[in-house]
Each structure stands twice: as structure tokens, then as C-alpha cells.
Amino acid sequence: MMISAPDILNASILIVDDQKSNVSLLEQLLSEAGYTCVASSMNPQEVCALHRKNRYDLILLDLQMPGMDGFQVMEGLKTNDADSYLPVLVITAQPGHKLRALQAGAKDFISKPFDLVEVKTRIHNMLEVRLLYSKLEKYNSVLEQTVQERTAELRESEARYRSLTELASDWYWEQDETGTFTKVSGPVLEMLGIQVDALAEGASGTEVAGWNEEERKAMRATIAARQPFLDFVFSRVNADGSQQKFQVSGEPMFNRASRFIGYRGIGVELTGKN
């Protein structure tokens, strides 16, 4: 993330000083250095409104002004919620004011009388930092928006997937790492004869007898190995002697830390279907 020389020279700058001679000197210095977007004000009371309107990349602010000094101006600038970085370079002839200005939120200072090389260097350096900060803010904003859009797409995709599985199967199911049903869509509990009194609380189910144990062992081995399975068929014999067959497909689920958190899948009852 680099800042080019044209970026710095095209940055917006506001000079605030009640002395016309100081304003003229700084305007001439900036113009000769190649800066193209320089404004000025001799009225400190209008600085906050000007900054809200123009979002300056740098404010050259004199500390000693009548009516409203530079410290009061900085306090007013802090109320601008849209700007988390206070782009103020203070101008002072009082050495004792430098620390106080930095504590008040100024990012750097220029001493009077002006050392022109120092002034140009400090302005250039602060604009570079300011523009880098602005680019980072924009990047983070775009990144956050991209994440939100991607999250919405994933949720929509999941909703479509579940809708399709409901159309193409008799049930959709999810289990946690202990094998407890956590989500069920469709009559899976009734079809499999599993009794769950409080599914929402993750209560374990009590299953009816009659399952083919060899098939169940094969299923358990696949799940224990945390492997996906496709169109696995298993059956049971009901108390009245009738038989039921079911076909299920499932896959293991893992969180971002690659920890196993359960299974999800779809299933259909094959009994009576061609």
C-alpha cells in the first residue's frame, strides 16, 4: 500500500492562522512545493464546519488566536465522528505548548519562526501517514462489505440447498459430535422410530428395535472414521413383521479450527418406492 508523490501533492490542506503574513508565507511555500489544493481561514470558529464539509487531509493550525485558540479548535474537531484520525499539524512559538498540543490530539508541530525545510518535511511526512491511514480505512471498509456480501451469499446458498434437499429427499438432518440430533427437517424421527422429547435442548433419542445390526455396524464404522457416505442402505423389521428400507447420504462437518463437530445429510425411505 504505497502513496505516490502526486497523491501527496493533490492532498487537501487548510491553513488556519489569524496573521495574514503567516497565511501568505505558508500558501507561497506550499505552492512552490507543488501542492495544488490549499485553502486558508483566519477565522478559527469556522474550521470545524469547513472540515466537516471538505474532510481535509491536513490542517495547519496556529495555537494562539483570539476568540478561539487552537486547543479549542482541536476539541471541536474531535466531535466529528466521521474522522477517527485528527489530521492537525499545529503551529506554535511557545515550546511549552508542544507537549500539550500532542496530548490534545495534534499529530505533529511546526515551530515559529518557520524553518522552511522543516515545514516542508513535516507537512510531507504527515500527509503520507494521513493518506496511508485513509487508504487503510477504505480497504477495511471494502473488506467488511465483501465479508457481509459473502456471508449473505452463503446463507442464501444454504437456504437453497436445504430447500432442494427437502424436495429431493424425505428428510434433512444434522447431528453433533456426540451423535445427538440437532436439526431435523422432515419426518425422520417418525420414520426411524426415534423418540426425542426435547430436540431443541439436544436430548438424546431412544430408538426402537429391529435394525439390521450388520448394516448398523458398517454405518457406525464410517461415522467413526469421519468419512462421507453416499446412498447407504439400511433396513429394519417392525414389530408386525413388515420391513422398511432407508437410504441416506451424509458428510462430516468441521469448524474453522478443523475440529469435528458432527454430521449432516439427507435420507429417503425406499419402502414402497420403485
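This is a predicted model: local features need pLDDT of at least 70, side-chain atom pairs count only at pLDDT 80 or more; totals for chains, interfaces and linings use all residues.

Residues are numbered from 1 along each chain as its sequence is written, and side-chain values use heavy atoms, leaving out hydrogens and water.

**Exercise 1. The whole chain**

Find how many helices and strands the protein chain has, and what share of its residues is buried.

Solution. Start with the elements: helices (H or I, at least four residues) and strands (E, at least two) are DSSP runs, numbered from the N terminus. The protein chain has 8 helices and 12 strands. Next comes burial, where buried means under 20% relative accessible area, exposed over 50% and partly exposed in between, with a 1.4 Å probe and protein chains only. Of the 274 residues, 36% count as buried.

**Exercise 2. Helix α4**

Work out which residues of α4 are buried and which elements they pack against.

Solution. Now look at what surrounds them: they pack against α3 (47-54), β3 (58-62), β4 (88-92) and α5 (96-104).

**Exercise 3. Salt bridges**

Count the salt bridges, then describe the one between Asp108 and Arg122.

Solution. Begin with the general idea: side chains of opposite charge can pair when their charged atoms come close. The rule used here asks for a side-chain nitrogen of Lys or Arg within 4 Å of a carboxyl oxygen of Asp or Glu. By this rule there are 7 salt bridges. In the salt bridge of Asp108 with Arg122, the closest N and O atoms are 2.7 Å apart. This pair links distant parts of the chain, with Asp108 in strand β5 (residues 108-111) and Arg122 in helix α6 (residues 116-168), 14 residues apart. Asp108 is buried at 19% relative accessible area, whereas Arg122 is partly exposed at 23%. Arg122 also lies over the face of Phe109, at 5.1 Å from the ring centre. Elsewhere, Asp17, Asp62 and Lys112 are linked in a network of salt bridges.

**Exercise 4. Aromatic rings**

Find how many aromatic pairs the structure holds, and which residues form a cluster with Trp211.

Solution. Rings of Phe, Tyr and Trp (its six-membered ring) pair if their centres lie within 6.5 Å; planes under 30 degrees apart count as stacked, over 60 as edge-to-face and the rest as tilted. The structure holds 7 such pairs. The rings of Trp211 and Phe234 have centres 5.3 Å apart and planes at 45°, so this pair is tilted. Trp211 sits in the loop between β9 (206-207) and α8 (213-224), and Phe234 in strand β10 (residues 229-237), 23 residues apart. Both residues are buried. Trp211 and Phe246 are also tilted, with centres 5.9 Å apart and planes at 50°. Phe246 belongs to strand β11 (residues 243-254), 35 residues from Trp211. Lastly, ring pairs link Trp211, Phe232, Phe234 and Phe246 into a cluster.

Notes. Contact means heavy atoms within 4.5 Å. A charge sits over a ring if NZ of Lys or CZ of Arg is within 6 Å of the ring centre and within 35 degrees of the ring normal.
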